[in-house]
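Here's a quick briefing to read alongside the model. Take a look at the structure first, then we'll go through a few spots in it.

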Amino acid sequence: MSATEETTTLSTLFGVSSVLCRSASPIPALSEVLNLIAARGQAAWGQIALSAVGTDVDLERAAFYSALTPAVGESPVAMQSPATQWIVENDRSLVTKVVGPDARFEGERAIYDRTLSYVGVPIRNSLGQVVGVLEVQPRVGEGGVAEVAALCEMAAELVGQHNGANWPSRGSAGASGPPGERGNYGFENLVGQTPTMRQIFSQIRQVAKWNTTVLILGESGTGKELIANAIHFNSPRARGPFVKLNCAALPDNLLESELFGHEKGAFTGALTRHTGRFEQAHRGTLFLDEIGEISPSFQAKLLRVLQEGEYERLGGTQTIRVDVRVIAATNRDLEQQVEENKFRQDLFYRLNVMPIFTPALRERKEDIGDLAEYLAKKIGKAQGRELRVTDSAVRALTLHDWPGNVRELENCLERAAIMSDSEVIDRDAVLRAGVGLERTTHAPVSGAPPTIDLRDPNVDERERVLAALERAGWVQAKAARLLGMTPRQVAYRIQILRIEVPRF
């Protein structure tokens, strides 16, 4: 090695060390490290792939570099070839002057340039465990390959030591989601006290622990996507990507390209390779909303991925393997569609491993009060003020059947908040938002609260007084006659029971 080359190598290593020491975040640091190494070796491409310490080495890409794509960043799928596995299993570097027909590079022809050299070195932590691989394909002469290999080995040692000392293990079973994300979708954000909802929350907590496919069934607006978020961000995959796709929003040809990706030139307008949603969701969760809307022809293609975990991009021949948990949701009756031959039976059974049924809001009206309070806080936060919902407003809300479910309730409360000059959403604001006091003409359903019998001694006194006041149009003298009390007694109960009286 000449004095100039030695100086360049030392300068690169100094840069690697400086980047690692000043960075507390692994992805930007590794991207800069790879960029430095790639620049020194004039690399066509390179990657740093790491695994969780103390687990079987199953690599996920932490940084990727391509001379064809100048930007350096994280990619969700690590390229794992027999060469990569050989490095991990043998705990040795692999250096070749020309890739050529070497069988250890089979299966990845679209990535490896077989006319170039290859350098792959193991990354070890402070305990000597192999926790990853650093790979590059330098574009240097035969004499320069050894220098690049030496540089990579020294850089890999720096990465391994720093990773073990300062960075959390990637992909560990107890990992939590990104700061804020998990908080936004924690179990505490699932609202409901009815037995049905408590059972659903128990199911969500249980299924989040495993990689089981989940099918969420229920009407539009019942919170299916919220449940999918809660499952992902409270699962071992919480640090992985959470990718969403509405299957009803795209026709079949675009849906296939969006889910599986496509190669450059696969069809008119395909100017570059496109990474599909399955590939983007590697090591994470893919949420397929409105799964009941996909055509029978596309159902067969989706079934293969769910069964085998592999597929080819549109216009490509390379088989891509992914590790993805699928959560699907639909407002359709899939069993009925199976009977009508509109949905494949085998796909239904593949999706229906763990079904979760979300009830309509009209079937759990007891939760409207808690939901209104939660949504008012959410709306108030967005509007920069503290909102509260009065009891009379809640009573008015429970008289509506909510065909749009929780989504409709949230929209109604937001309209009521806009129409309220104060920070209180009262009965008047609810009425102005378009919710009437009469029940809708839907047939009564199980779980809807019955009309309150004012003479029933088992009815809570507060509920009885509220019901009488609303029937009397909030005229206390009339409410007193309904209750068999004096107006003074009614006024006293309004005060001690903290009943909000609307202003007309």
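Is threonine 285 buried or exposed? Threonine 285 is buried, since its relative accessible area is 0%, and buried means under 20%. Keep in mind that this is a predicted model.

**Threonine 285**
- You'll find threonine 285 in strand E11, which covers residues 285–289.
- Its side chain makes a polar contact with the side chain of histidine 232, at 2.7 Å.
- Leaving aside residues up to four places away in sequence, threonine 285 touches His232, Arg237, Pro241, Phe242, Val243, Val324, Arg325 and Ile327.

**Helices H18 and H19**
- H18 (residues 476–483) and H19 (residues 487–496) have axes that come within 8 Å and cross at roughly 100 degrees.
- That angle falls in the 65 to 115 range, so H18 and H19 are roughly perpendicular to each other.
- On the H18 side, Gln476, Ala477, Ala479, Ala480 and Leu483 do the meeting; H19 brings Pro487, Val490, Ala491 and Ile494.
- Sorted by type, the residues of this contact are eight nonpolar, one polar and no charged.

**Helices H13 and H15**
- The axes of H13 (residues 368–383) and H15 (residues 405–419) come within 10 Å, crossing at roughly 55 degrees.
- That makes H13 oblique to H15, and the crossing is right-handed.
- H13 puts Leu371, Ala372, Leu375, Lys378, Ile379 and Gln383 into the contact, while H15 supplies Val406, Leu409, Glu410, Leu413, Glu414, Ala417 and Ile418.

Terms used. Residues numbered from 1 in each chain as written. Predicted model: local features only at pLDDT ≥ 70, side-chain atom pairs only at ≥ 80, totals over all residues. Heavy atoms only, no water. Axes fitted to C-alpha atoms, helices over the stretch in contact; angles between N-to-C directions. Helix = DSSP H or I, 4+ residues; strand = E, 2+ residues; numbered from the N terminus. Parallel < 35°, antiparallel > 145°, perpendicular 65-115°, else oblique. Contact = heavy atoms within 4.5 Å. Nonpolar A, V, L, I, M, F, W, Y, C, P; charged D, E, K, R; others polar. Left-handed = near helix turned anticlockwise from the far one by under 90°. Buried < 20%, exposed > 50% of the residue type's maximum accessible area, 1.4 Å probe, protein only. Polar contact = N/O pair within 3.5 Å; in protein donor to acceptor, adjacent residues only side chain to side chain.
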